[in-house]
Every structure is written in C-alpha cells, then in structure tokens.
Amino acid sequence: FEEVAVRVNDAHWLDVAVPALSEHCDDRPDWAGPELIVVHCVSLPEDEFGTGAATRLFTGCLDTDEDPSFADLAGVRVAPHVLIERDGRVTQFVPFDSRAWHAGLSCWHGRDLANDYSIGIELEGSIHTSFTDEQYSCLIGVIAALLAKYDGLSPDHVVGHAEIAPGRKLDPGPHFDWAYVLGEIH
C-alpha cells in the first residue's frame, strides 16, 4: 500500500476530505482535546456499499423508509469525524476540535464518554468483509496527519470501536488488518 499524503489544516479539517457538515456534534469539554482515535465500520444496508446511506445518516438526511433495515435508525443522531469509502474517498463531517457523536456508551483506560476526547473514523465496510487497499492507504495517511497535528495522540491510542464498547460493538471486526495499520503508524 502507498500511504496517501494528508494534512490537517488550522481549521481542523483534512485537506483531502470532501466536507459534509453534520449537526451531530458539539463542543468538546474545556479540558478535552484529541487523545484517542477510534476506528469504526459502517454499511447501510448491512454489507451493501456505495449506497450513500451512511453519509445521509451522518448528516441527518437519511429517510428511514428507504429500506426496512433502517427502521431502528429513526431519530438517531450520530456522526464520526471522517468516513473513508471503499474507493478511498474521504468525507469529513465534524472538525477535529469538536466532539463528534460516534462512540456512544464507551470507556477507554477507565475513562467514560470517549466522544469527549476521541476522533472517530468510519470505514465503509462491515465486520463480515475485508477492507480495500485504498481504505488502508487513506486511513494510514489520516492517522499520520492526526498524530502530527495533535500532541495528545500517539500510535498506541488507536483502537477499534469494539475495544471501547465491548459486548456492545464488534467493529471494525475480524477482517480489519490491525497488524498492518499499527505497524505502519509506529
């Protein structure tokens, strides 16, 4: 894989990302800055890619009548900071200095409310499928840019959603190549 060159600008946006502003965020607490990167995966409907439904969900525009599987998403207000699609396209919903609503009930190293101090990165995918080379290249580039920008982050502070919400979440799942990603960012 060839890492994609990425930079975080002074407004806390990625230079390679298409912006799609979400209202599913708010200010971080005064004491909180980015200290953790949480990797998620999403597909809507499950195991279907390229539908655009995740972006519509994250921007509050998903019509839950589109698909029967969306019924339980009615009223859900959720967004990561970033989504990396199967082709490597990057969409950013929330600036990194804001709190995105991505982690839900969560705990990391004994600290609850991971949204307060984390950055959420969604990969278009599911726990049943492998991720693409383009996604890994972009993910590594995004993580490298975040590590360069924010002093509170380190390569040891990159986890899966399952690690901060055990028993509740499984993503990014068994097909995610942690050894490769962690090897590239260390």
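**The aromatic rings**

Guide: In this predicted model, Phe131, Tyr136, Phe176, Trp178 and Tyr180 are joined into a cluster by ring pairs. The structure as a whole holds eight aromatic pairs. A pair of aromatic rings is described by the distance of the centres and the angle of the planes. For tyrosine 136 and tyrosine 180, the ring centres are 6.1 Å apart and the planes stand at 85°, so this pair is edge-to-face, the term used for angles over 60 degrees. Tyrosine 136 belongs to helix 2 (residues 133-149) and tyrosine 180 to helix 4 (residues 178-185), so their pair ties together parts that lie 44 residues apart in sequence. Tyrosine 136 has a relative accessibility of 6% and therefore counts as buried, and tyrosine 180, at 17%, also counts as buried, since the word applies under 20%.

Another of the pairs is formed by tryptophan 108 and tyrosine 117, whose ring centres are 6.2 Å apart with the planes at 35°, so that this pair is tilted. Tryptophan 108 and tyrosine 117 are both buried. The ring of tyrosine 117 also has a charge over it, for the charged end of arginine 111 sits there, 4.0 Å from the ring centre. A further arginine, arginine 86, lies over the face of phenylalanine 49, at 4.3 Å from the centre of that ring.

Definitions and conventions. Residues numbered from 1 in each chain as written. Predicted model: local features only at pLDDT ≥ 70, side-chain atom pairs only at ≥ 80, totals over all residues. Heavy atoms only, no water. Phe/Tyr/Trp six-rings, centres within 6.5 Å; stacked < 30°, edge-to-face > 60°. Buried < 20%, exposed > 50% of the residue type's maximum accessible area, 1.4 Å probe, protein only. Helix = DSSP H or I, 4+ residues; strand = E, 2+ residues; numbered from the N terminus. Lys NZ or Arg CZ within 6 Å of the ring centre and 35° of its normal.
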